[in-house]
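Subject: Structure handover

Hi,

Here is the structure for you to look through. My notes on its cavity, pockets and cores follow below.

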Amino acid sequence: MMSVSKEDLLANFRIHTAVDLDFVIGESAGLTVGMQRSSSPELKRRVLAAISSVLLGVQSVDAAKKRYVPEDIFEDQELFLGDEVSVFIDDAHDALMSGIQYLQSLEEPSYGRIGAEISLYRIPNIIRSARLLANRGLLLEVVPLLRQALEMVSWAYMAFNEDDQKIIDKLKAQHCVGSLKKIYPNAGRIYGYLSQFTHWGRSIHNHFIGIEEGRGAILNASVEHRAISLALCLTLVDVLLETLRALYANHSHELISNVQGCLAWETERNTFKYIEKISVKSQLSETRRILEFVS
């Protein structure tokens, strides 16, 4: 078997940028340029000018900018709820990644705590990946990631204070969710909700199959699915934070306050407020049900 050098692997399978290009210019014209929403208005105008110069055959980008790009465009852009929630989840990811690392014990940890902390540290990335798919209006693709995240949270909760290697090695993540209900009463309901989409069957076909003009139609993406998926991402952030509170006690308080805007598990916490806003704005039975999970 021929060996492959690291250089060949790097050349052929280079990892794409992890930056979320959540602001798109020129999509309708077929010259799509992805940018970050936080990019300056001036940079956005210059990119728009470059696209305009190509479309209109103008040699000078500066000339295209003066002639075709309004001076105040992109200055005052409304941040809609879906984008606001997306930014919050992204910020929560950053806070959790640094915060969980800070919570890890400086002393020699037990066998169970090592495994638990590895699991906990991976979960924010899973939620962030689910968020990227949610922003594309997907649901069926989002749910398995969040179900895995919930299983990992549950496994970490069970393993954290256990030092018996045999017991820990036999832990099954899907069987640990019941124990999580001690600190998050609706954990089982959340898991049941996610599981119904994870296991494909006739009962969920109506979420993705419809009728248009007398013919069967498959729904690939929708604004409704984005609302539901973002609400589920917020739910997993909420569960993760409560698990950190249970495992690390007062050491987790600063992290919880940074993400939630308050320390207590109450309706003023950010995750609850955003899910409530999604429920009100979308008026979907699914988002109302998700709001009950975090109540």
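First, a term: Ala, Val, Leu, Ile, Met, Phe, Trp, Tyr, Cys and Pro count as nonpolar, Asp, Glu, Lys and Arg as charged, and the others, Gly among them, as polar. This is a predicted model, where local features need pLDDT of at least 70, side-chain atom pairs count only at pLDDT 80 or more, and totals for chains, interfaces and linings use all residues. Numbering starts from 1 along each chain as its sequence is written, and side-chain values use heavy atoms, without hydrogens and water.

**Cavity**

On a 1 Å grid over the protein atoms alone, a cavity is a set of points where a 1.4 Å probe fits but cannot get out; a pocket is an open set with protein on both sides within 12 Å along at least five of seven lines; lining residues have an atom within 4 Å of a point. Points are joined across faces, edges and corners, and a volume is the space filled by probe spheres set on them.

There is one cavity of 30 Å³ or more. The largest cavity has a volume of about 30 Å³. Its lining is I89, A92, H93, L96, P124, I127, R128 and V237. Two elements give two or more residues each to that lining: α4 (81–103) and α5 (111–134). Helices are DSSP runs (H or I, at least four residues), numbered from the N terminus. α4 gives the most, with four residues. By class, the lining has six nonpolar, one polar and one charged residues.

The largest pocket holds about 270 Å³. It has 14 lining residues, and G82, V223, R226, A227 and L230 are the closest to its centre. α10 (223–248) gives the most to this lining, with four residues. The classes are six nonpolar, five polar and three charged.

The second largest pocket has about 200 Å³. Its lining includes D20, D22, R37, D83 and R226. Six of its lining residues are charged, three nonpolar and two polar. Here α4 gives the largest share, three residues.

**Cores**

A nonpolar core is a set of buried (under 20% relative accessible area, 1.4 Å probe, protein chains only) Ala, Val, Leu, Ile, Met, Phe, Trp, Tyr and Cys residues joined through side-chain atoms within 4.5 Å.

The largest has 61 residues, and L120, L194, L232 and L244 have the most contacts inside it. α10 supplies the largest share, 15 residues. What does L120 contact (heavy atoms within 4.5 Å), leaving aside neighbours within four places in sequence? The partners are I100, A156, L240, L244, L247 and Y248. A second, separate core has nine residues, including M35, V47, A49 and I51.

Best wishes

Note on methods
Buried means under 20% relative accessible area, exposed over 50%, partly exposed in between (1.4 Å probe, protein chains only). Contact means heavy atoms within 4.5 Å.
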